[in-house]
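This report describes one part of a protein model for a reader who is new to structural terms. Please look at the sequence and structure below before reading on.

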Amino acid sequence: MKDIELPKTSPMLDKQFTFGTATSSFQIEGDAENRMESIWDVFCRTPGAVADNSDGVVACEHILRWRDDVEMLKQLGVDAYRFSISWPRVMNQDGELNRKGVSFYIQLLDVLIEANIKPFVTLYHWDLPQYLEDKGGWLYRQTAYDFANYADKITAAFGERVYSYATFNEPFCSAYLGYEIGVHAPGRKGRKRGRAAAHHILLAHGLGMQVLRKNAPHALNGIVLNFTPCYSASDSEADKLATEMADQYINQWYMQPVMEGSYPYVIDALADNDKPPIESGDMEIICQPLDFLGINFYTRLHYSAPIKAENLFHEHAHQAPMTDIGWEIYPEALRELLVSLNKRYKLPPVYITENGAAMADVVEDGMVDDEGRIDYYTGHLNAVNEAMESGVEVSGYFAWSLMDNFEWAEGYEKRFGLVYVDFDTQERTFKNSAKAYQRLLASRK
C-alpha cells in the first residue's frame with residue numbers, strides 16, 4: 001500500500017506542526033428541519049443549479065452521527081479538526097441564539113477537547129440565512145453588522161473551548177461565484193454585485209476580528225482565503241499584464257485589503273459604477289491584525305490578454321493532468337504561491353486550511369484504492385515542505401476533506417473525502433488515502 005512520503009528531516013514531521021482535516025456545516029450536517037433556511041437551500045431548488053439536482057437536506061447526517069465521525073478523527077490521529085458553524089442553526093431571525101443549535105456545537109467542542117483534538121472553527125462557510133438574503137444579503141451593508149452580532153453571540157456562548165477562529169472561508173467564492181457569475185448561491189450576476197458583496201464580506205471580517213479580540217483573546221483568530229495562482233499563457237507583455245490583472249482581481253482583491261488596508265490597482269480599471277461601495281473608515285476596519293492566515297489551495301490557471309474589450313483577461317481551460325473535478329494537478333504552484341506571498345506581505349503564521357483532490361472513487365471488496373489522491377497529497381505536502389525550507393512559516397496543514405459530502409454545485413458527484421460515504425446507507429469507509437494519512441501522522445516524532 002502506497003504511503004504519503006516526506007523527507008525524514010522535514011519540520012512537518014515534528015509534533016509541533018499541526019495536521020488536521022476539514023469539513024463545513026452545510027456539506028455534512030443534514031438535519032435541515034432543525035435550522036433556518038440558508039441561501040444554499042433555496043439555490044438547490046433552482047432547476048439546473050446543482051449538477052445532480054441534489055441538496056443538503058440529509059447530506060452526511062453528521063448531526064445524527066457526529067460521535068462516530070469524531071471517532072474517525074481519533075482513528076486518523078489528527079491534531080485538529082476544522083469545521084464551520086451553521087449560522088442558520090445557531091441564530092434565530094430576531095438576532096438571538098437558538099439554544100438547541102448552540103448546544104450541538106458545545107457538545108461537539110467538548111468531545112473534541114476531551115479527545116485532544118484542537119477545534120478550528122470557521123464562522124462563515126457560505127450558508128447565509130435566507131432571511132438576510134431576502135433583505136439584500138451581502139449586497140446590503142447591514143449584513144456585515146448582522147454577521148458581527150452573530151459572531152459576538154456565538155463566540156461568547158462557546159467561551160474558551162475554541163482553539164482557533166476563522167471569520168470567513170473563501171470570500172472569493174461567496175462574492176465572485178455567488179454574486180458575480182452566479183454559479184453558487186444565491187445565484188446573482190454582475191460585476192457591480194460581485195464587488196459590492198466582496199467589500200461587505202471583507203467589512204464583516206474586520207468587524208468579526210474586533211469581536212474575536214474581545215470575546216476570544218485566547219484563540220488564534222484569522223481568515224481563510226483561497227488562492228488560484230495565475231500563470232501567463234505566453235511571455236508576451238500583453239499576456240503577462242493580463243495575468244497580473246487576473247491575480248489582482250481573483251487573489252489579491254481579498255488578500256491586500258486584509259493585510260494592507262487597500263485594494264490592488266486593478267480597481268482603477270473598473271467602471272465607476274462597478275467599484276465597491278467603500279465608506280470612510282472601511283479599509284481600516286478590514287485591515288485588522290491576524291493571528292494566522294488560512295490558505296486554501298487546489299490548482300492553478302493560465303491567462304492571456306482579453307479577447308473582448310470589456311474584459312480584463314482571458315482565462316484558459318485547465319491543463320492535464322487533472323483531478324476528477326477537472327482541475328490541473330500542479331503542486332509546484334503551491335510552493336511558488338507560499339514563497340511569493342511571503343515575499344510580498346508580512347505574513348502571520350500560515351496554515352494550509354484546505355488542500356485535496358476529487359477522484360472517481362469506487363468501493364471494491366470493502367476498500368477504496370485511491371492512489372491518485374495519495375500522489376496528490378505527497379506532491380502538495382512536499383511543496384509545503386519546500387516553502388518552509390525557503391523561509392515561509394507554515395504551522396499546519398488540513399486535508400480536504402474528512403469525508404465525501406455535498407460538493408456545492410457539483411452535488412454528490414465529486415468525492416474529495418479521505419473517508420468514502422455511501423450516501424444511500426451513510427456507511428463510512430476509510431480510503432487508502434486515509435490510511436496513508438493515518439500512517440504519516442503516526443510516524444511523527
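Histidine 318 is partly exposed, because its relative accessible area is 25%; buried means under 20%, exposed over 50% and partly exposed in between, for a 1.4 Å probe and protein chains only. The model is predicted, so local features need pLDDT of at least 70 and side-chain atom pairs count only at pLDDT 80 or more, while totals for chains, interfaces and linings use all residues. Residues are numbered from 1 along each chain as its sequence is written, and side-chain values use heavy atoms, with hydrogens and water left out.

Histidine 318 belongs to the loop between E9 and helix H12 (332–344). Helices (H or I, at least four residues) and strands (E, at least two) are DSSP runs numbered from the N terminus. Beyond its neighbours within four places in sequence, histidine 318 is in contact (heavy atoms within 4.5 Å) with Thr299, Arg300, Leu301, Gly326, Trp327 and Glu328. Two distances from histidine 318 follow.

Strands pair if DSSP finds at least two bridges between them. E8 pairs with strand E6 (residues 230–232) in the parallel sense over three bridges, and serine 232 stands opposite tyrosine 303. With strand E9 (residues 314–315), E8 pairs in the antiparallel sense over two bridges; here histidine 314 is the bridge partner of serine 304.
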